[in-house]
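Subject: Structure handover

Hello,

Here is the structure I promised to pass on. Please open it alongside this note, which goes through what was found.

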Amino acid sequence: MFHSTQGVQGPDPVAFPSGEADATAGGTPILELRDIRIEYKGHEVVHGVSLAVQRGEVIALIGPSGAGKSSLLRSINFLEQPSAGQILVNGQLVQGQSGSRGAIARNKSLAAHRRDVGMVFQQFNLFPHLTALENVVLAQVHSLNRSKEEAVARARQELAHVGLTGHEDKYPAKCSGGQQQRIAIARALAMDPQLMLFDEPTSSLDPELGVEVLNTMKRLASEGMTMLVVTHEMHFAEDVADRVVFMADGAIVEEGPAEQVMLRPSSERAKTFLSAVRGR
Amino acid sequence: MELLALLSSGIGQTLGITFGALALGAVLAVPLAALRRSELPVASTAAKILIEGIRGIPPIVWLLLIYFALGETDLKLTTFQASVIGLGIVSTAYIAEIYRSGLEAIPSGQFEAADALGMPFGAKFFRVITPQAATVVIPPLATFAIGLLKDSALASVIGAQDITFRAFQEAQANLNGLTVFMWAALLYILLSIPIAALARYTGSRLTRKVAA
C-alpha cells in the first residue's frame, strides 16, 4: 500500500510516477497528479506538485496554513483551476483544465469526473433550503439520473451509514455542526465516488462534534474508501492515514508512511511543524 | 359612490400596467442580470451601461419616448401597451440589480457544492441557487412592485385610462379635484396592501426553512 513518489518535480511530467510505486501498489493509481501548479491572482501558490493515490489508500495532507494543501485538494475536481499540470483518474487524463468557468460547467467529461470524486468541505456547504434527506437525494436525481424512489432509498441508507437515522426530515439549520458534516459525507457517498476529498472537515467544529465526524471517516477508511484528507487533526493523520504528505510553501516537503512522517520526520520543516502543533 | 365607481373603472388598467410591466421586467431582467455577472468584462460592462442608462432616464420620459417612437412606426400600440413596455423597460433595469444582489448573497460554497456533485447547470441554477436567491429577492421585489404601482399613474400622461386618468378627467369636468384625488389616493393604498401582505407571506414561508 505504501509507496513513495517524488514530491517536488522539475518541469518534466513524464518522470512520474516512480518505479517503486508501481512495484509495490501494483497497477494504475486511482488518482495521479502530475506537476500541478496553481496561481492565485498572478502569483503561484502551488509549485508543481505530483502525487499518486492508490485505490483504498488514505492520505493525510498536513502542513502549515498557506502551504497550498486546500488549493491542491480543490484542484483535483477543478474547483480551483490549475495553471499547469495534469490530473489522471485510473490513468485517463481528465479534460477541461482550460477555459472559462462557464466552459467548464458545460464540459461533460468534467461533470463525470466530479461525480466520481466526492468532496467534503470545511463549511459543509449543505443546501439550507432542503432537508437532510433532500440534500442527499438532489444530485443523485439530477447528476446520476436515478429515479426519485431509488435516490430516496439510497439516501436513507447513506444517512443510516453516517449514523443519522431519524434525522432525515430535519433542515440543516436544525442540526449540529457534526450532524451537518455527516449529512455532507452521506451526500457525497450517495454518488458512488471512487475517491473522497476532505477539505479540513473538522476545522469549523467543536472538538467533541469533530469526533463524530472523525469516527465516520475512520469507518469509511476501514471500509476501503480511497480518501485524501487535508487536516489539522494529527491523531487522525497518525492513526488512520496510510500515508502522510507534508506540504509547506506550495510544495511537498516530505511524504511517506504515516508512522514515519508523524514520528520520525526527516525534514527540518516537518519537525518544526509537528513539534509546534503537538506542543499545543 | 358614483365617484368611486368611476375611479374603480381605472383599477383594471392600473393593475394591468403594474403587473404587465413587472412581469416583463422580471423576465427580461434574467438575461440582463446574467450578463451583468458575466466573467467577460465586455459583457458585464455593457450590462452595467445598459442598466445605468435605463435608470438614468425618468420613467415618464421613457413612456413618452416609447409612445412617440412607436407612433413613428407602423406598429399600432394602445396607450396601455405602450405603458407596459415603457415601465417594463424601467423595471428590467431595477429588477436585474435586485436579482444580482440575490445571487451575490449566496455563499460561493453553494455553487461549489453543486459543482462538486457534478450537477448540470439547470439543476444547479433551479434547484440550488434560485430557491435560496428567492428569499433574498422577494422583499426588495415587493417594495419595487409597490413603487411601480404608484409609478403606473404616470401612464395617464400618455392617455392610459387608469385610476389617475379617470380622476383627472372627473376633476376637470366637475371641479372637485380634492375629493376625487383623495379617493384615488385611498384606492392606491388599498391596492398596495395585498402586494405587501403577499410578499410578507411568501417571504416568511421561504425563510422559515432556512432560519436557524
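Helix 8 (residues 207-222) of chain A lies across strand 3, strand 7 (195-199) and strand 8 of chain A. Its direction makes about 145 degrees with that of strand 8 of chain A. Please keep in mind that this is a predicted model.

Those strands belong to an open sheet of six strands in chain A. The order is 6-7-8-3-9-10, and the pairing is mixed. Strand 6 (117-120) and strand 10 of chain A are the edge strands, each pairing on one side only. On average, neighbouring strands of this sheet are turned by 15 degrees against each other, direction ignored.

Look next at strand 3 and strand 8 (residues 226-230) of chain A. They run parallel and are joined by four bridges.

Which residues of helix 11 (residues 268-278) of chain A are buried? They are A:A270, A:F273 and A:L274. These residues sit on the same side of helix 11 of chain A, because they cover an arc of only 95 degrees around the axis. They pack against strand 3 (58-62), strand 9 (243-248) and strand 10 (251-257) of chain A. Their other packing partners are helix 9 (234-239) and helix 10 (258-263) of chain A.

Is A:L61 buried or exposed? A:L61 is buried, because its relative accessible area is 1%, and buried means under 20%. Leaving out residues up to four places away in sequence, A:L61 touches A:K69, A:L72, A:L73, A:V229, A:V230, A:T231, A:V245 and A:M247. For a sense of distance, take A:A184, which is 123 residues from A:L61 along the chain. The C-alpha atoms of the two are separated by 20 Å.

Chain A has another sheet to look at. It is open, with four strands in the order 2-1-4-5 and antiparallel pairing. Strand 2 and strand 5 (92-93) of chain A stand at the edges with a single partner strand each, so one side of each has no neighbour in the sheet. Helix 2 (residues 69-76) of chain A packs on this sheet and touches strand 1, strand 2 and strand 4 of chain A. The direction of helix 2 makes about 120 degrees with that of strand 1 of chain A.

Now the pairs within that sheet. Strand 1 (residues 31-40) and strand 2 (residues 43-53) of chain A are antiparallel, with eight bridges. A:L31 has A:V53 as its bridge partner in strand 2 of chain A. The two strands form a hairpin with two residues between them. In the turn, A:K41 has a positive phi of about 50 degrees. Strand 4 (residues 84-89) and strand 5 of chain A run antiparallel too, joined by two bridges. Here A:L88 stands opposite A:L93 in strand 5 of chain A.

Finally, chain B. Helix 2 (residues 11-36) and helix 5 (residues 79-104) of chain B pack with their axes 5 Å apart, at an angle of about 40 degrees. Helix 2 and helix 5 of chain B are therefore oblique to each other. Their crossing is right-handed.

Best wishes

Notes:
Residues numbered from 1 in each chain as written. Chains lettered and ligands numbered in written order. Predicted model: local features only at pLDDT ≥ 70, side-chain atom pairs only at ≥ 80, totals over all residues. Heavy atoms only, no water. Buried < 20%, exposed > 50% of the residue type's maximum accessible area, 1.4 Å probe, protein only. Arc of directions from axis to C-beta. Contact = heavy atoms within 4.5 Å. Pairing = 2+ DSSP bridges. Axes fitted to C-alpha atoms, helices over the stretch in contact; angles between N-to-C directions. Parallel < 35°, antiparallel > 145°, perpendicular 65-115°, else oblique. Left-handed = near helix turned anticlockwise from the far one by under 90°.
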